[in-house]
Amino acid sequence: MQTEYISAFDVVIGVLWRFWPVWVGLILVMGASFTYKKRLGLYGQLFDSGVGIAGVFICLFWLFTAIFASTISPFDPLAQVSVMKDTLPGAIEPASKLVYYFGGDKLARDVFSRMVYGSQIVLIIAPAATGFALMVGITLGLPAGYYGGKIDTLLSFLANLVLAFPVILLFYLLVTPGIMDTPIPYAMAGLFFLFPIIFFSVLFWTRFKNRPDRLYILLGITLVVGGWIYAGLVFDKDPFHIVHIDPNQLNIFVAVVFASSPGVFRIVRGLTMDIKTRDYVAAAQTRGESPWYIMLWEILPNARGPLIVDACLRIGYTTILLGTLGYFGLGLAPESPDWGTAIKDASRLLRSFIHPALPPTIALMSFVLGLNLLADSLREQSMKD
Amino acid sequence: MFSFIARRIGTILLTMLCLTLVVFFLVNLEPNLKKLAISQTEMHTPADQLESWLVNHGYRQNFFVRYGQWLGVLPKHPITDPATGKTTQRFSFCNDPIEPTFSGVLQGDFGCSTKFKTTVGAKLFPALGATGLLMFWVLAVMVPISLLIGILAGMREGSRTDRVLSVASIASTATPEYVSGVIFTVIFASWLGWLNGSAASASQGITFYNFTLPVITLAIYGIGYIARMTRASMVEVMTQQYIRTARLKGLSFSSVVIKHALRNALIAPFTVIMLQFPWLLTGVVIVEVMFRYQGFGYTLVEAAGNNDIDLLLGCSLVSVFIVLITQLISDVGYAFLNPRIRVQ
């Protein structure tokens with residue numbers, strides 16, 4: 001049977017139409033941001049430059065795509081419709097009369113749906129892993145920069161040890177199928193996921209030490225929510241079965257956190273060493289505040305500017321890392337729709353078909369570009385102050 | 001100065017010792033040894049024979065004993081037949097000793113590659129040569145282009161040229177090698193047909209036809225970053241008092257830029273270029289796999305994929321050494337270029 005095609009113009013219109021929830025979301029958020037930009041602080045200032053608007057636009061586009069993935073994509077990303085194998089963009093699927101907008105890949109799956117679903121994987125793992133890396137880096141970087149001396153020497157040596165590893169070698173060693181039979185990923189997860197709990201507990205403890213009414217509520221919330229997520233992620237024993245992560249995703253997650261936290265550590269340490277010489281830190285020391293109060297409530301808020309910029313760049317870099325993992329077939333399942341795996345599958349067949357390769361490459365590039373533009377614009381704005 | 005370098009080299013050696021110990025631990029995990037035994041014996045070997053293969057080849061000795069053997073502070077033992085007492089080589093394909101000998105990294109013996117059936121040295125050093133060639137061309141393309149972009153952008157901050165070049169460099173840092181590689185292959189190999197999408201033939205001799213794609217793919221990711229750093233450095237220099245003095249005494253803009261600004265603006269990018277080597281190392285792995293170029297990265301992937309213990313250890317030793325030595329060169333070189341910095 002001959003496959004029917006729609007024209008290139010119809011493909012463009014059709015793709016734009018499929019993204020309708022994204023456009024609605026974008027119009028609402030961007031409109032609201034423009035209207036109230038005076039009151040939105042640093043975020044509002046982003047809308048003063050073209051680069052900032054472009055960055056926000058691209059990041060929000062992929063955020064909404066990930067949220068509404070099931071509405072946008074016409075097909076299941078794993079479904080194989082054998083007549084559609086290697087079809088060109090715009091082919092009509094005979095049974096449902098829906099269109100394979102970007103064609104089919106070598107396993108007859110819809111390239112467009114896979115690209116849309118791929119955004120979900122990236123937008124969950126990359127920011128979450130960056131968040132954990134920030135927690136680890138901050139919790140270790142603050143004391144290293146503040147106290148100096150032996151603790152600094154030891155922690156810096158460990159950080160440099162990890163940074164001296166070429167990333168790809170680290171992943172080949174840490175994200176192999178064999179390592180999941182050993183307790184190593186779980187031990188590392190157990191260690192890393194402890195840091196947010198420690199961070200927030202110390203944060204509230206130092207601030208509300210003398211106000212038990214607030215302290216016990218906040219500490220209770222931290223320990224219950226933290227412990228619940230901890231049990232779900234590390235031991236997979238969430239009593240309500242909401243927090244769950246596949247063992248191979250946990251493995252990737254841990255490896256990414258491990259690879260990027262020394263970078264955060266170095267930045268936080270440098271900032272702390274700079275800020276601790278300021279007058280307001282000396283004032284707090286004279287008041288007799290505890291070292292951890294000074295670190296978390298005096299130094300950290302004043303280091304936020306460079307940290308936010310770094311977090312933006314780091315999410316982009318983590319996205320690239322996830323793509324690298326997918327490209328080498330490490331960790332993620334072979335049929336997973338993430339962009340790196342899709343690029344790997346398609347790049348092997350570039351000689352015969354190029355259409356399955358382009359959507360994931362352009363998606364990944366545009367998302368990282370959006371984050372970099374955002375970071376650049378944030379840096380410009382924070383320098384103006 | 002000398003005590004500084006001596007101390008740094010001491011730290012480098014300690015770091016290499018720690019890292020190789022970590023790598024040694026990870027490649028000797030039970031599942032990895034099983035995988036190695038299965039790949040090295042015939043198909044469908046029963047479990048007890050796999051175990052006896054591991055025992056025979058010395059993989060069941062104490063962990064620290066084996067690390068010492070690899071390092072060369074403990075002797076390596078050949079296989080001894082318990083019945084006859086006759087000794088045979090552990091791996092016949094790489095001249096293993098028949099008597100117990102001290103033969104490890106310290107003696108210059110990197111061990112035996114189980115995947116390529118040769119010594120690690122025989123496999124690793126030609127591969128490093130091939131990658132060195134690739135690196136040379138990448139640097140020859142990347143450094144002049146990125147410095148030029150950075151200087152043009154930083155010369156007049158906020159101008160149209162600056163905006164355009166800045167966005168272009170951000171775009172290039174947002175394009176990892178596996179993305180630009182695919183895009184370039186689509187454009188230049190599939191569509192225009194100007195260049196070869198595979199560099200497999202480059203091992204025999206490099207030509208413009210088979211070597212351009214790997215080189216530009218690898219260069220493009222670094223260009224943006226170095227250009228941005230050069231721009232930042234250039235912008236800073238252009239606001240200095242001595243530049244204003246030079247302008248006010250009536251020198252032309254181009255002569256101020258070339259004679260006064262450039263020399264000072266190029267100190268910072270030197271450090272950045274040296275620190276790019278660790279990133280290039282990851283890029284090399286991706287590009288060599290993508291374009292099938294038989295270099296260091298390709299060897300590393302093969303070694304890791306087959307759990308080739310000695311080859312993987314050799315690869316990690318080399319890459320860690322490159323990373324640390326470039327850091328040292330960048331620190332020392334920075335002190336030489338910038339007399340205001342004192343090394344202590």
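1. Contacts first. Two residues are in contact if their C-beta atoms, placed from the backbone, lie within 7 Å. On that basis, A:Cys312 is in contact with A:Leu371, A:Leu374, A:Ala375 and A:Leu378, leaving aside its neighbours within four places in sequence. Please keep in mind that this is a predicted model.

2. Confidence in chain A. The mean pLDDT of chain A is 84. Of its residues, 99% reach 70 or more. Among the elements of chain A, strand E1 (residues 91–92) has the lowest mean pLDDT, 74. The highest, 91, belongs to helix H13 (residues 279–287) of chain A. Where pLDDT is low, the predicted coordinates should not be read in detail.

3. Architecture of chain A. Chain A has 17 helices and two strands. Its radius of gyration is 24 Å, close to the 21 Å that the globule rule gives for 385 residues, so chain A is as compact as a globular protein of that length. Along the principal axes, the C-alpha atoms of chain A fill a box of roughly 85 × 55 × 40 Å. Buried residues make up 43% of the 385 residues in chain A. Take the contacts in chain A with a separation of 6 or more: residues 24 or more positions apart account for 72% of them.

4. Architecture of chain B. The secondary structure here comes to 14 helices and four strands. Chain B has 344 residues, and 39% of them count as buried. Among contacts in chain B between residues at least 6 apart in sequence, 69% join residues at least 24 apart.

5. The largest nonpolar core. This core holds 171 residues. Those touching the most other members are A:Phe171, A:Ala255, A:Val257, A:Cys312, A:Leu325, A:Leu371 and B:Leu312. Helix H6 (residues 111–147) of chain A gives the largest share of this core, 21 residues. A:Cys312 and A:Leu371, both on that list, are also in contact with each other.

6. The interface. In all, 36 residues of chain B are in contact with 34 residues of chain A. On the chain B side, these helices each supply at least two residues: H1 (2–27), H2 (30–40), H6 (160–173), H7 (177–191), H12 (277–290), H13 (296–305) and H14 (309–337). H7(B) gives the largest share, seven residues. By class, the side of chain B that touches chain A has 25 nonpolar, 10 polar and one charged residues.

7. Helix H11 of chain B. Which residues of this helix (residues 267–275) are buried? They are B:Ala268, B:Pro269, B:Val272 and B:Ile273. These residues cover an arc of only 135 degrees around the axis, which puts them on the same side of H11(B). An α-helix has 3.6 residues a turn, so residues three or four places apart point the same way. The buried residues of H11(B) pack against helix H5 (120–155) and helix H8 (208–238) of chain B.

8. A backbone point to check. B:Arg292 has phi near 50 degrees, a positive value in a residue other than glycine. B:Arg292 lies in the loop between H12 and H13 of chain B. The cut-offs are 20 or more for buried and 12 or fewer for exposed.

Technical notes. Residues are numbered from 1 along each chain as its sequence is written. Chains are lettered from A and ligands numbered from 1 in the order in which they are written. This is a predicted model: local features need pLDDT of at least 70, side-chain atom pairs count only at pLDDT 80 or more; totals for chains, interfaces and linings use all residues. A nonpolar core is a set of buried Ala, Val, Leu, Ile, Met, Phe, Trp, Tyr and Cys residues joined through C-beta atoms within 7 Å. A residue is buried if 20 or more other C-beta atoms lie within 10 Å of its own, exposed if 12 or fewer, and partly exposed in between; C-beta atoms are placed from the backbone. Ala, Val, Leu, Ile, Met, Phe, Trp, Tyr, Cys and Pro count as nonpolar, Asp, Glu, Lys and Arg as charged, and the others, Gly among them, as polar. pLDDT is the predictor's confidence in each residue, from 0 to 100. The radius of gyration is taken over C-alpha atoms; the globule rule is 2.2 Å times the number of residues to the power 0.38. The arc is that of the directions from the helix axis to the C-beta atoms.
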